[in-house]
Amino acid sequence: MQPRLKKYLLGSQFAAIEAESINQGIVFHLVIVKRSGQKLNVVKSATQILSIDQLKENLDKDIPTTVVFTGKGILNRYAQVAPGATTQVLLGKVLPNASAKEFFICSTPSSRDGQLITVVRKATILPLLDQLCGQFNIVATCLGPLIACEYLNLNSEPRSTLECGHHHILLDDQFPSEVIYREDADEESSFVLGEEKITSTALISFCAAFHSALNGPGNHATNIDGLPDALETFIQRKLFCASIKAALVAMLVILGVNYMAFSHYWNLQNELATQLQGQGNTIAELNELEQDVNAKKLFLQSTGLLTRLSYAWCADQLAHGMPPGIQLSRMNFSPRVKVLDEDSIGFTSGQLEIGGHCEQSVVLNRWLQQLKQTSWITNASIRSYEQSKTMSEGEFTLDLSLQ
């Protein structure tokens, strides 16, 4: 996993619990530190906690926590052993013929070309470890008080001994050489680190929390394999929670944008509906005028007034080509036709009815033939021709069909 992402998921607060086994049972010492840039501050320090319920009152479950098991039942022995020796070899230096499957074992380099070996039976601490894992986010476990030697990296002042509660770590050239546990020791000292003051009882918890904040949980010589994949499980859980939160935030953003867009278009729709309602009378009037125009257009089409030929032009053409001896008395464009409904009016569209007088019928026939050959007349016929013996001129009526 990318280191920056891992650092973000672990958070800025780290806790360490020292579970010290004494004659009366188990007592807990708690330290919580917070990383702020290049500074490390102690958020809380509580010692002599007698129960897990009291521990829950001081420790948030979401903080990654390291547990250090110390006190009675944990053996610390120096032995000449080569680096990288197996756990069975290390156990043999402390408890010969014992099975490594029944013990937690760790070792710390010593200054005398050997190692300090820390051993405890699994049955001694596993029940307590299960209880703690059920209440807190335990990501690493340490064995013995030697993690307190982290203090030596913060303070270069030469020391011959390091007191941390009931534990006294003897030092040889700043390397641990022996661990002495005295439960009857009541002396309480303190250590000053920058602006922080740490009591000797809380030193082991502080060093474990300090190591987790500086290097991440685990990765210490005193770590034991009591919690396989505990750190990875914690990181994956935090990653899952962060992903869920990011998804919820993204969903809320999308819903917010969708709501704003919906509100905008809803308000716009309401404005348009209001405008449409206000213009409803205008639209009704427009539709009524359009119907009136269509009715009048149909009427004009039926009367022939919308044809491409002008009545004045047609009259001019007839007068221009009319031979002498013919005199027109009437001209009726789109003549009216009789219909059964007396209240209705009908017209013969595209027809021209002309009437007049003619001295000789031969002249009228000749003119009729000329009209038939005219481009704007499709048909010409004589409807009637009357001339009595007493009349000097005949009266005629012609029907012309216009293009």
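## Loop residues with positive phi

S334 is buried, at a relative accessible area of 5%. The model is a predicted one. S334 sits in the loop that links β14 (326-333) and β15 (336-337). Its phi is near 45°, which is a positive value in a residue other than glycine.

Q174 also has a positive phi, near 65°, and is likewise a residue other than glycine. The loop that holds Q174 runs between β10 (167-172) and β11 (175-181). Q174 has a relative accessibility of 26% and so counts as partly exposed, because that class lies between the 20% limit for buried and the 50% limit for exposed.

Strand β2 (residues 25-36) and strand β3 (residues 39-49) run antiparallel and are joined by 8 bridges. One of the paired positions is R35, whose bridge partner in β3 is L40.

The two strands, β2 and β3, form a hairpin with 2 residues between them. In the turn, G37 has a positive phi of about 65°.

## Positive surface patch

A patch of positive charge on the surface is formed by K56, K61, R237, K238 and K245. Helix α7 (residues 230-278) supplies the largest share of this patch, with 3 residues.

R237 belongs to helix α7. With a relative accessibility of 39%, R237 counts as partly exposed.

Methods
Residues are numbered from 1 along each chain as its sequence is written. This is a predicted model: local features need pLDDT of at least 70, side-chain atom pairs count only at pLDDT 80 or more; totals for chains, interfaces and linings use all residues. Side-chain values use heavy atoms; hydrogens and water are left out. Patches are made of residues with over 30% relative accessible area and no salt bridge: like charges are joined within 9 Å, nonpolar side chains (Val, Leu, Ile, Met, Phe, Trp, Tyr) within 5 Å. Accessible areas come from the Shrake-Rupley method with a 1.4 Å probe; for residues, only the protein chains shown count as cover. A salt bridge is a side-chain nitrogen of Lys or Arg within 4 Å of a carboxyl oxygen of Asp or Glu. Lys and Arg count as positive and Asp and Glu as negative; His and the chain ends are not counted. The place of a charge is taken as NZ of Lys, CZ of Arg, CG of Asp or CD of Glu. Helices (H or I, at least four residues) and strands (E, at least two) are DSSP runs, numbered from the N terminus. Buried means under 20% relative accessible area, exposed over 50%, partly exposed in between (1.4 Å probe, protein chains only). Two strands pair if DSSP finds at least two bridges between them.
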